[in-house]
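The sequence and structure are shown first.

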Number of protein chains: 2
Amino acid sequence: MAASLLRQSRPCLRQLTRQPIFFRPITSTIRPLGASAAAASPSQASEQLFFPEEPKAPIVHTKIPGPKSQEAIERLTKVFDTRSLNMMADYTKSYGNYIADLDGNILLDVYAQIASIPVGYNNSSLHAAASTPQMISSIINRPALGNFPQSDWASILETGILSVAPKGLNQVFTAQAGSDANELAYKAAFMWRRQQERGGQDVEFTAEELESSMNNKSPGSPDNMSILSFKSGFHGRLFGSLSTTRSKPIHKLDIPAFDWPQASFPMLRYPLDDPKNAEYNAKEEQRCLDETEHLLTTYHNKPAAIVIEPVQSEGGDNHATPNFFRGLRELTKKHNVLMIVDEVQTGVGATGKFWAHDHWDLQDPPDMVTFSKKAQTAGYYFGSNTLRPNKAYRQFNTWMGDPSRALLFRAIIQEIQRLNLVQNTAQVGEYLYAGFERLAQAYPKEIVNLRGKGQGTFLAFDSPRRDEVLKSAKTVGINIGGSGGRAVRLRPMLVFQKGHADILLEGLEKVFQS
Amino acid sequence: MAASLLRQSRPCLRQLTRQPIFFRPITSTIRPLGASAAAASPSQASEQLFFPEEPKAPIVHTKIPGPKSQEAIERLTKVFDTRSLNMMADYTKSYGNYIADLDGNILLDVYAQIASIPVGYNNSSLHAAASTPQMISSIINRPALGNFPQSDWASILETGILSVAPKGLNQVFTAQAGSDANELAYKAAFMWRRQQERGGQDVEFTAEELESSMNNKSPGSPDNMSILSFKSGFHGRLFGSLSTTRSKPIHKLDIPAFDWPQASFPMLRYPLDDPKNAEYNAKEEQRCLDETEHLLTTYHNKPAAIVIEPVQSEGGDNHATPNFFRGLRELTKKHNVLMIVDEVQTGVGATGKFWAHDHWDLQDPPDMVTFSKKAQTAGYYFGSNTLRPNKAYRQFNTWMGDPSRALLFRAIIQEIQRLNLVQNTAQVGEYLYAGFERLAQAYPKEIVNLRGKGQGTFLAFDSPRRDEVLKSAKTVGINIGGSGGRAVRLRPMLVFQKGHADILLEGLEKVFQS
């Protein structure tokens, strides 16, 4: 029933005006196998496909994990913790939006390595970038970038990472993953704050500071500063970043943490643009802004910065309005606190803008923006020289990022631009959201609090039987993830198209019907 | 004068019985340019070279940085902090033990990207490994290893990282760099300790623990546990690892730190095997053991683990005897505290054993051993299932390491085995140490406290005018680094041979004569 509902308002599929792109799969074994999974949607036949040789539909041969995967899991368990294992993947047979396993199953992947695959498995443009002499040299001659940068490092940054720098930010400190990217941003914030307190960058450290720092004691290691984060926020799992992570106890239990404050993140009623939710939501956002201001001005360990995600992405896909974020920017300006926007999961196109905070139309840009995941490298952008520490070696480590990963991000950026993938994601996101609206009408007990309208494909809904839905989805050929305690989160790649949206919607409908 | 001294006791250079290996440089432009640098030592002519097409000697055309490098540095400075920049490198022209810059200068590199290049620049075996379909797939299809491991992950671990696991350790948790490798080991230690206190892995968390952890408060986020480290130790720069780092104030200033204890590391008299130092050193080591035991039993935040480097590598190249480390192992066993050995800088062959702690001949292996740098990937080894947390997702992150880096480490291991490079390093280390002994006799004011005998090429000495020596070394074609406040540290690659040792010794003699 709903399947036909889903199709009734499909827009013209020829609206994409770009030239056809021809990709070839890396292996010849990943053709659709004509199995029993859902029939291909008609939209696939008429839409110009980024991966024309993708399977036309998921293929499910066995239960997952099947016998070959089971065997591989048992072997891996001997040396590696596999209790969080979701699926034993065969990446040589994965292609485009489809992930393959060892048993011949090929699933539509809207989880995408926890939101970290940007432009499809075995993307041929990335394959070419990964085969160049420059890439190979970067892999085998990895430099200590702070001491011995490679001569093309400026060019790699300028034509890659910095070519997509958020407005107002023109410098970067490269890192390895989201967690250390955030911690390095926190370190920059603490040094900035102490420099202000000290009276400027030319004021030398005192003997007491030098000595006490070696004993982890104040004033050298200050015990009265903090980073303010938000309830349900997620910023990583190392000791500093974990102190700002407020997602779930299982992430935090037994690990010492800093005494840093957390403000409430607005818990809004969806859809955000429904007039009947407007008053409640505005009030809730103001409450959270007031609480934030209270903590900024009264918390015993004074915040040097706040850190916030544009959408709380691990903590349950909690959205807020641009008003809230603009309010935060005003508060941080008013109280001389830095604003760090954690775009580790939201960045690089998934919300239909390159950076999710582009949706906010801020007057003053954030002070720092951190990135990782779809960038396939990590770091933080900043715009002010006052965020460069006053001396060398204060913000430093051996590798300071990885040129080979920066080269890959450059290739990803080029692919995004070539295929206009941010716009694609915005358009497909609208189509997908409309499909979920119809599905929610048909299955109101299965889809609750649908959210992410206007946010590209970065959609989510609450599901009263969430874990069961995630599991059942595999049986209909969909690999999908959750966030928080009850949300189903969609994290398709940027090459996700309307045909894939149809398959996803029809697959989930089958799950709801079962 | 000393140059002839250096040669008088040279052993037979044909003693290496392995077959000749033929490498080809990646570019054809890195031949020796017949410049004015020191003439090739005769040992190079007769020694079987790992890189036969290496320059026969360093080449210094211009002051460093020369005009082209200057220009590149100015460009990079606009977007990247270059105040710690040592040399703008051209890795396409670097080869074997030699690093090239943009002005045609080619230096013998005994710093090797802060001890992180294992088997030479543009090593052709690594070049081959970086060009395989498996490598390319790993680069462009990077998995979330904890959820969706690639099907060959067990095999990559078994044939690579785990094939060189320290004795007694058979599991690994992969990471990205030394700093997070240590933090993940600390997290494992804290979870282990709290599990013991709680009464076993089947005891559930209390409601109070669950709730308090979300507020960064005890008991969920315990405020009475610690990691004990040693004065002058270095374990990284993120918030947890930095709390155990005790190298220099510039690494720690302005960054909040945990209230964790530090014990004295023995400050010994060198050479360690000189009988007239024996009594003093034994007493000093006992003093440090006593202090450690005192802290283990009385510090208000009880240590769950100690972390220690086999040689304090950033903090000034401080050595201790196997007795000291065996004493520590006994103390940790006695007081039920874990022993984490940080082999980030010492590991992978540089001390003439694959792991530096192999020199200690421990009865019980360390509980965890961390690695990075020359491994070109990172993580920690462990041997006991009690160090796996009691539930999934407690030790987890998106990428959990990087299969492409694990593949590279496997190729490094194979190259080390093929060329017998650990033994090479042990032998060349003896030769180099003997050369430095003679140099120290000739220049006793320049070389003080020579150390590292029997530790491969992991040598160091104190230099009263250290920073000047490091700088002058470039003028004679040597790239060399320091550690601590006054040490010159040698960190050659594992492909460093006797001919390179001659060039190094003769180059430094010129510096001392100037």
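**Polar contacts between the chains**

A polar contact is a pair of N or O atoms within 3.5 Å; within protein, one atom must be able to donate a hydrogen and the other to accept it, and residues adjacent in sequence count only if both atoms are side-chain atoms. In this predicted model, 67 residue pairs, both members at pLDDT 80 or more, are in polar contact between chain A and chain B. On the side of chain A that touches chain B, helix H8 of chain A (residues 178-198) supplies the largest share, eight residues. That side of chain A is made up of 57 nonpolar, 39 polar and 26 charged residues.

**Extent of the interface**

The size of an interface is often given as the accessible area lost when the parts come together. Between chain A and chain B, about 11000 Å² is buried, and carbon and sulfur atoms give 59% of this area. The contact involves 122 residues of chain A and 122 residues of chain B.

**Salt bridges**

The interface of chain A and chain B has 12 salt bridges. One salt bridge joins Arg394(A) to Asp254(B), with 2.8 Å between the closest N and O atoms.

**Cysteines**

Over all chains, the structure contains zero disulfides. Cys288(A) has a relative accessible area of 0% and is therefore buried, the cut-off being under 20%. Cys288(B) is likewise buried, because its relative accessibility is 0%.

Key: Residues are numbered from 1 along each chain as its sequence is written. Chains are lettered from A and ligands numbered from 1 in the order in which they are written. This is a predicted model: local features need pLDDT of at least 70, side-chain atom pairs count only at pLDDT 80 or more; totals for chains, interfaces and linings use all residues. Side-chain values use heavy atoms; hydrogens and water are left out. A disulfide is a pair of cysteine sulfur atoms within 2.5 Å. Buried means under 20% relative accessible area, exposed over 50%, partly exposed in between (1.4 Å probe, protein chains only). Contact means heavy atoms within 4.5 Å. Buried area is the accessible area (1.4 Å probe) that two parts lose on being put together, summed over both. A salt bridge is a side-chain nitrogen of Lys or Arg within 4 Å of a carboxyl oxygen of Asp or Glu. Helices (H or I, at least four residues) and strands (E, at least two) are DSSP runs, numbered from the N terminus. Ala, Val, Leu, Ile, Met, Phe, Trp, Tyr, Cys and Pro count as nonpolar, Asp, Glu, Lys and Arg as charged, and the others, Gly among them, as polar.
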